[in-house]
Amino acid sequence: MPYIPFTDEQKVLANSVNLEEFLRMRGEKLERVGREHKLIYYDSSGKHDSITLRGSTWFDHKNQVGGGAIKFMQEFYDMDFQTAVQELLGQRVTPLSHSPPKAIAKEEKKEFRLPQANTNMHRVYAYLIKQRFIAPEVITHFAKQHTLYEDKEHHNAVFVGIDENGVPRQASKRSTNSYGNSFRITCQGSDTRYSFAHFGESKRLYVFEAPIDMMSFLTLYPKEWQKHSYIDMNGVYENAVLTALKNHSNLSEVILCVDNDEGGIEAVDRLKDILTENGYTDVKRLAPKFKDWNEVLKAKNGALALPAVPHKRKEEYLKEVSELRYLKCRPDKLTSQIYATFKNGQYKYLAEYALALYH
């Protein structure tokens, strides 16, 4: 493709294209979740719904990456910069949809099978107690419920999500290796509406990003823990949380115990929007003092713990918003003023222009 010398204004315009409208017009399937839309697509591994869109911005919660419209075209459709800008400006239109016919999507769905269980849980107990400092009685509780066990082939810890009838529908595996790279993966064919959990009789549901975070919290706060409910999201997906709330009418208070890092902090606002839209308004945030709840448990036991990671962009945003004022502007020169402001990096003025336009 010959090089096209796009102007700065064209690049800004392309990067500000509303992705929700752009993708819907090109055949992609979107589902509304709170103030955002979720992109639904399929590939050889099955159905995916981890990418959320809001206006011209997007974020992939599974891979923890996001950005503007141009980067989306480069990452999701594997386009070079020139092609991405052309597509967004409407200079060329390529069929883009990743969504296959329903019949194909159905064929791609994998059958869910639990990994074969080992005859004992020696490796899992050793890993969770010695390396993760989880209380033995917490491990034993879930082992007796058959929602935690050790797989036979690789001695991974297997965390199981069951449905309302007690049938396993989802599972994730966590490496118990003391050396080398550890990993956590979701088993093929898992139903994302279910996840590793405990349900009690109180109205309170505690929500975590991972099973070990959840078990760490129970170790830290053991007093009458079984009367409350707890669930792992396998990241920051809301599906299992919404299913749990629907299937347990006693639950009305949600406490988000996600990680104290950029991903977790951003997830709080997103999850609050989704829960509110579904009728759950009693939503609170309980943040660990370190990066996550297992890091808190490590620190309590004298081990080196990862600190919390502040969300510098959000902190700066909140600071700037608190200082905003209405900026007087001339409508006949607004376009050139906005472009000059963007080019000079005067983002606070851009927000003030937005306030002026809104009112």
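Which residues does N260 touch, not counting residues up to four places away in sequence?

1. **Contacts of N260.** This model is predicted. In it, N260 touches I265, R285, A287, P288, F290, K291, A308 and V309, leaving aside residues up to four places away in sequence.

2. **Setting of N260.** Look for N260 in the loop between β13 (253-256) and α10 (262-277). N260 has a relative accessible area of 17%. Buried means under 20%, so N260 counts as buried.

3. **Helix α4.** Now turn to residues 81-89, which form α4. Seven of these nine residues are buried, so the helix is largely enclosed by the rest of the structure. The buried ones are Q82, T83, A84, V85, Q86, E87 and L88. They pack against three helices: α1 (8-15), α2 (19-25) and α3 (69-77).

4. **Ends of α4.** D80 caps the N-terminal end. A side-chain oxygen of D80 lies 3.2 Å from the backbone nitrogen of Q82. Just after the helix comes G90, with a positive phi of about 80°.

5. **α1 against α3.** Both helices pack against buried residues of α4. How do they meet each other? On the α1 side, K11, A14 and N15 take part; on the α3 side, A69, I70 and K71 do. By class, this contact has three nonpolar, one polar and two charged residues.

Definitions and conventions: Residues are numbered from 1 along each chain as its sequence is written. This is a predicted model: local features need pLDDT of at least 70, side-chain atom pairs count only at pLDDT 80 or more; totals for chains, interfaces and linings use all residues. Side-chain values use heavy atoms; hydrogens and water are left out. Buried means under 20% relative accessible area, exposed over 50%, partly exposed in between (1.4 Å probe, protein chains only). Helices (H or I, at least four residues) and strands (E, at least two) are DSSP runs, numbered from the N terminus. Contact means heavy atoms within 4.5 Å. A polar contact is a pair of N or O atoms within 3.5 Å; within protein, one must be able to donate a hydrogen and the other to accept it, and residues adjacent in sequence count only if both atoms are side-chain atoms. Ala, Val, Leu, Ile, Met, Phe, Trp, Tyr, Cys and Pro count as nonpolar, Asp, Glu, Lys and Arg as charged, and the others, Gly among them, as polar.
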